[in-house]
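Thanks for coming. I have one structure to go through, and I will keep it short. Please look at the sequence and the fold first.

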Amino acid sequence: MTGIAMADAALVGVLGLLIGSFLNVVIHRLPRMMERQWADECAQYAHDTGLILQADNAPAAPPQPFNLLTPRSHCPACGHEVRWYENIPVLSYIALRGRCSGCQVRISPRYPLVELVTAALFYACAMRWGWSLATAAWCGFCAALVTLAFIDWDTTLLPDSITQPLLWAGLLAAIPGWTGVPLTDALIGAAAGYLSLWTVYWGFKLATGKEGMGFGDFKLFAALGAWFGWQALVPIILLASVIGALVGIAMKLASNLREGKYVPFGPFLVGGGLAALLWGPTQIMQAIFSVF
């Protein structure tokens, strides 16, 4: 693998800032787009089956467009449209002192956090793989994982529109050797990742009658298996489980658990995947065993 000058890697990091700004939009809007789609499908089903009749056969008003581009970003408190110079990653947040310029309501610090995390990951990928298609592939991987972590933390959803392309991208990236994982190991990793959590899910459900995780976790773990190979699955799941348990215990002691007493597992799988990227599966195992 070819390295890169720090100044050049910094340019990739700046690109990460811009991508991170867009990821904030995806994190906020994609779950709402999914909810709208589900509502439309339910309404269409109810109409087609005669469960609901349109009053006086009047056509329903067309919904306002809502996607990743429309409407423009705005303050949820006062409706102030964010101007271009108020949307510069990190710098605008600092200049605005973390407040809306229209109503002075505080802006969540998570927005610059997502941008900075994405920039740092892009920088790390560039430093490791240099100017190469492997860097582009791993940057895309990092962007997908950051998005999935925050969406799952907010909504307990891991959208198929991200997890499934991520899995296929890992398999395809293995063909030219961008991931350093043989295609056979990537295929086995994808299958083993899915089936392992699928087995745990059904074992837990048959034993307790409850669902311990969602199907999105299976798909995310399968994607990680495709990117890192089957050998990395045990270190990733061990790290995710340990950190998830510690966070869950801390939240319970602080009475911060949500209704239903659950903690989404996706963010911890993401953490395990990013740790495997930055330090490697072997180092993860050594760190775990050194603690326990």
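This is a predicted model: local features need pLDDT of at least 70, side-chain atom pairs count only at pLDDT 80 or more; totals for chains, interfaces and linings use all residues.

The crossing of H1 past H4 is right-handed. Which residues make the contact? From H1 they are Val 12, Ile 19, Leu 23, Val 26, Ile 27, Leu 30 and Pro 31. H4 contributes Cys 139, Ala 143, Val 146, Thr 147, Phe 150, Ile 151, Asp 154 and Thr 155. Sorted by class, this contact of H1 with H4 holds 12 nonpolar residues, 2 polar and 1 charged.

Staying on H4, the next residue is Thr 135, which is found in that helix. Is Thr 135 buried or exposed? Its relative accessibility is 6%, so Thr 135 counts as buried, the limit being under 20%. Setting aside neighbours within four places in sequence, Thr 135 is in contact with Cys 125, Ala 126, Trp 129 and Gly 130.

Now to a loop. Gly 229 sits between helix H7, 215-228, and helix H8, 233-253. Gly 229 counts as buried because its relative accessibility is 0%. What does Gly 229 touch, if residues up to four places away in sequence are not counted? The answer is Val 181, Asp 185, Ala 186, Gly 189 and Leu 224. As for Gly 193, 36 residues separate it from Gly 229 in sequence, and the C-alpha to C-alpha distance is 9.4 Å.

That is what I had.

Note on methods:
Residues are numbered from 1 along each chain as its sequence is written. Side-chain values use heavy atoms; hydrogens and water are left out. A crossing is left-handed if the near helix is turned anticlockwise from the far one by less than a right angle, and right-handed if clockwise. Helices (H or I, at least four residues) and strands (E, at least two) are DSSP runs, numbered from the N terminus. Contact means heavy atoms within 4.5 Å. Ala, Val, Leu, Ile, Met, Phe, Trp, Tyr, Cys and Pro count as nonpolar, Asp, Glu, Lys and Arg as charged, and the others, Gly among them, as polar. Buried means under 20% relative accessible area, exposed over 50%, partly exposed in between (1.4 Å probe, protein chains only).
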